[in-house]
Amino acid sequence: MTKPSLPDLLHAAVSAVGGTERPGQVAMAEAVAEAIDGNSHRLIQAGTGTGKSLGYLVPALAHGERVVVATATLALQRQLVERDLPRTVEALHPQLRRRPQFAMLKGRSNYLCLHRLHEGAPQDEEEGLFDQFEAATPTSKLGKDLLRLRDWADETETGDRDDLTPGVSDKAWAQISVSSRECLGATKCAYGAECFAEAARERAKLADVVVTNHALLAIDAIEGAPVLPQHEVLIVDEAHELVSRVTGVATGELTPGQVNRAVKRAAKLVDEKTADSLQTASESFERVMELALPGRLEEIPEDLGYALMALRDAARNVISAIGATRDKSVHDEDAVRKQALAAVESIHGVAERITNRSEYDVVWYERHDRFGATLRVAPLSVSGLLREKLFEDRSVVLTSATLKLGGDFNGVAASMGLSPEGVEGDDAPVWKGLDVGSPFDYPKQGILYVAKHLATPGREGTRGDMMDELAELIEAAGGRTLGLFSSMRGAKAAAEELRGRLDNPILLQGEETLGELIKGFAADPKTCLFGTLSLWQGVDVPGPSCQLVVMDRIPFPRPDDPLMSARQKSVEEHGGNGFMAVAATHAALLMAQGAGRLVRAMGDRGVVAVLDPRLATARYGSFLRATLPDFWYTTDRNQARRSLAAIDASAQADGK
């Protein structure tokens, strides 16, 4: 039988989802097929509207090897598993003569734990287990959530938290879920045969395509114990997010509250002397943390060093002792021991890591008004880890609408441990970059307006001229505005000010769930939506409700961000330009994502307004502009207002 051609397969898949074939999608599919066949690597930038999920799914399914697809957002995971994969598999079946299987796999804590549900959660203060359903009053929010979870447990097929609608609070979910460290293991657990997490793993082992998230991919790479099934092809979608997600997984933290909970959990399971030593170490650590000031610790202060060594040694003794102790008064001892071990092992690991003082780690204090001080440790870079763990023994495709920063792929490639494109070293993975463009005509569909006349934003204080400019632009647009702010404080200040000046409803992130805010914004063209980081990347509102996207300033990382400033300093110490490699690259990525909110469909038109003159006047401005979609560019405020008014009038004439 002749092998079906890739163009024929792609055509069948696109028709099945009711889409339109695009040249960029065809080019992408061919590049993915070439990478898989040649066991090589690709970085592919595919603009909004390209149809990139089919661009990689079709060649991956056609090849027949097992594929892992890792995404950053729940929305894309759902789209792949509930829409794109079922339709694509059916569409390709007549030509492939097989129906590839697919499954979703997440970390264990995303699944309901039947042992926790039926036996209760080990409590710090109680001898036995804690019946969360008895303790929570049925009329409280927690009580209602827990009762709903108990009912849901009888009907759910997956036990996956994301299949529960509406959702429940983190506090409620924590009562009926476990981390991988707390899990008893299928063979020791009375509910092992019915376990939702184990069932998900079994489905993944049998699947041709496994859809997962960046965090689980990171855990798989970092912890050495394989979580994902063996696979020949890895596709990382939303790849611009990968480095920050891997950094998050590789970050450790210690708080006095966390240490106190571990002490209480371990107290019943070890002898008094061992428990007392951990208690004493916990109290010393708490005293040090009471005086902690926010900021990076380039050297570990002596008092903190002693406290951490005491914590490390006491935790190690507890870990050794727990295994040998059996306390007859403890009900369901295996579960209690497992939870205590998980808590103490976590503390031991972080205390030992900071005490060992690797030059590749960054350590800092954070302070929160409600929760007090936290001690954190994170890798200075994850590029070596990704280079070693990601690109070994498999073909890797990294794709996103935003991978070319400042005009090329090398910045993103370097953050993942890759050499510049075309440079081959002894152990350097070889890769190629491809920009398949976008189906949108950006110069005709959008304007990039930079408010060059405004004052340069400072670190503190309100920007009266910026507020005036923002109000005028919103009035010209008739609402229809997505306001992207570099801080929550800036978003709140703008919302408060403009609610008093304009008739347009202004929605503010944090005042309602993100989903409800976006729904309200899309439903009423006169409405504006203001917010910060998750809006820069998470809003997809095609049509006339979003015709003005405003950025209050270039979103550089805060100068006092310990990890970013440490990374910047490290680049400079190695002879590079730390500002461009770290701060400007960070800003470029966010700005490209933010500007991408404007044009989401073929008929969309509008203006991206940047209320920071540095985009036009600073030397790095051209680097940032080269990362943005190729909109028509102007610094003429009157031109921007006239264009917005014309777009608004056109939308109103169409009854929108």
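Which residues of strand S7 (residues 233-236) are buried on one side, and which on the other? The model is predicted, so local features need pLDDT of at least 70 and side-chain atom pairs count only at pLDDT 80 or more, while totals for chains, interfaces and linings use all residues. Residues are numbered from 1 along each chain as its sequence is written, and side-chain values use heavy atoms, with hydrogens and water left out.

On one side of S7 the buried residues are Val233 and Ile235, and on the other they are Leu234 and Val236. Buried means under 20% relative accessible area, exposed over 50%, and partly exposed in between (1.4 Å probe, protein chains only). In a regular strand the side chains alternate between the two faces of the sheet. Strands (E, at least two residues) and helices (H or I, at least four) are DSSP runs numbered from the N terminus.

S7 pairs in the parallel sense with strand S2 (residues 67-71) over four bridges; two strands pair if DSSP finds at least two bridges between them. Valine 68 has leucine 234 of S7 as its bridge partner.

Rings of Phe, Tyr and Trp (its six-membered ring) pair if their centres lie within 6.5 Å; planes under 30 degrees apart count as stacked, over 60 as edge-to-face and the rest as tilted. Phenylalanine 556 and tyrosine 620 form an edge-to-face pair, 5.4 Å centre to centre with 85° between the planes. Phenylalanine 556 lies in the loop between strand S18 (548-551) and helix H23 (562-573), and tyrosine 620 in the loop between helix H25 (614-617) and helix H26 (621-627), so the pair ties together parts that are 64 residues apart in sequence. Tyrosine 620 is buried, at 14% relative accessible area.
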